[in-house]
Amino acid sequence: IYELINMVEQVNNTSIIQFTDSLSKPIGISSIIVLSEIKNLKKCQPIELAKKLGYSKSSITAISTKLINANYISSIADPHDRRKTYFTITTEGLDILKEADKVGKKYYETIYSVLTEQELSQYIHIQRKLLHHIKK
């Protein structure tokens with residue numbers, strides 16, 4: 001079991017490091033995932049992101065603070081309820097996502113090209129199945 005866990009960890013860590021090192025600006029994969037979700041939702045609350053992505057509220061707070069400081073997202077107070085905050089993506093955020101998409105496509109072509117479409121589909125299915133089982 002330790003060998004399996006170690007191998008999974010090494011594959012994940014190496015993949016993430018290679019991907020993020022290919023970007024022109026220092027941004028983590030969790031930040032890219034959050035940015036992508038904010039872009040898809042157009043406008044969202046932190047709690048909405050946490051639930052959708054399976055992140056803790058404190059993780060969303062830490063990630064969003066970094067994204068705001070980097071000017072990748074804006075935080076907007078609800079005019080009717082000052083307790084509510086919404087995130088929207090900025091032009092800079094869209095730019096880094098475009099770059100991440102290009103890097104991701106290149107990364108996919110070079111790394112995952114060793115797998116057939118069927119193997120890749122099975123790999124994703126197995127990962128989802130394991131994650132679902134672990135979260136039960």
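**Entry 1: a term to start with.** Before looking at any pair, I wrote down that angles of 65 to 115 degrees count as roughly perpendicular. I also noted that the model I am reading is predicted.

**Entry 2: the whole chain.** I counted six helices and two strands. Following the sequence, I read off the pattern α-α-α-α-β-β-α-α. The C-alpha atoms fill a box of roughly 50 × 35 × 25 Å along the principal axes. Of the 136 residues in the chain, 25% are buried. I then looked at contacts between residues at least 6 apart in sequence, and 49% of these join residues at least 24 apart.

**Entry 3: α2 with α3.** I reminded myself that two packed helices are described by the angle between their axes and the distance between the axes. For helix α2 (residues 29-41) and helix α3 (residues 46-53), I found an angle of about 115° and axes 11 Å apart. With the term from my first entry, α2 and α3 are therefore roughly perpendicular to each other. Their crossing is right-handed.

Which residues of α2 and α3 meet? On the α2 side I listed I33, V34, E37, I38 and L41, and on the α3 side E48, L49, K52 and L53. The residues of this contact are six nonpolar, three charged and no polar.

**Entry 4: α2 with α5.** Next I turned to helix α5 (residues 91-111), whose axis comes within 10 Å of the α2 axis and crosses it at roughly 115°. Is the crossing of α2 and α5 left-handed or right-handed? I noted it as left-handed. From α2, the contact uses I32, L35, S36 and K39, while α5 brings G93, L94, I96, L97 and A100. Sorting the residues of this contact of α2 with α5 gave me six nonpolar, two polar and one charged.

**Entry 5: the core.** In soluble globular proteins, nonpolar side chains tend to be buried together. Here I looked up the largest nonpolar core and found 21 residues in it. I27, L35, I38 and L67 have the most contacts inside this core. At least two of its residues come from each of α2, α3, α4 (57-69), β2 (85-89) and α5.

**Entry 6: a closer look at I38.** I had already met I38 in the contact with α3 and again in the core. What does I38 touch, leaving out residues up to four places away in sequence? My list reads K43, C44, L49, I73, F87, T88 and I89.

Methods:
Residues are numbered from 1 along each chain as its sequence is written. This is a predicted model: local features need pLDDT of at least 70, side-chain atom pairs count only at pLDDT 80 or more; totals for chains, interfaces and linings use all residues. Side-chain values use heavy atoms; hydrogens and water are left out. Axes are lines fitted to C-alpha atoms, for helices over the stretch in contact, and angles run from 0 to 180 degrees between N-to-C directions. Helices (H or I, at least four residues) and strands (E, at least two) are DSSP runs, numbered from the N terminus. Angles under 35 degrees count as roughly parallel, over 145 as roughly antiparallel, 65 to 115 as roughly perpendicular and the rest as oblique. A crossing is left-handed if the near helix is turned anticlockwise from the far one by less than a right angle, and right-handed if clockwise. Contact means heavy atoms within 4.5 Å. Ala, Val, Leu, Ile, Met, Phe, Trp, Tyr, Cys and Pro count as nonpolar, Asp, Glu, Lys and Arg as charged, and the others, Gly among them, as polar. A nonpolar core is a set of buried Ala, Val, Leu, Ile, Met, Phe, Trp, Tyr and Cys residues joined through side-chain atoms within 4.5 Å. Buried means under 20% relative accessible area, exposed over 50%, partly exposed in between (1.4 Å probe, protein chains only).
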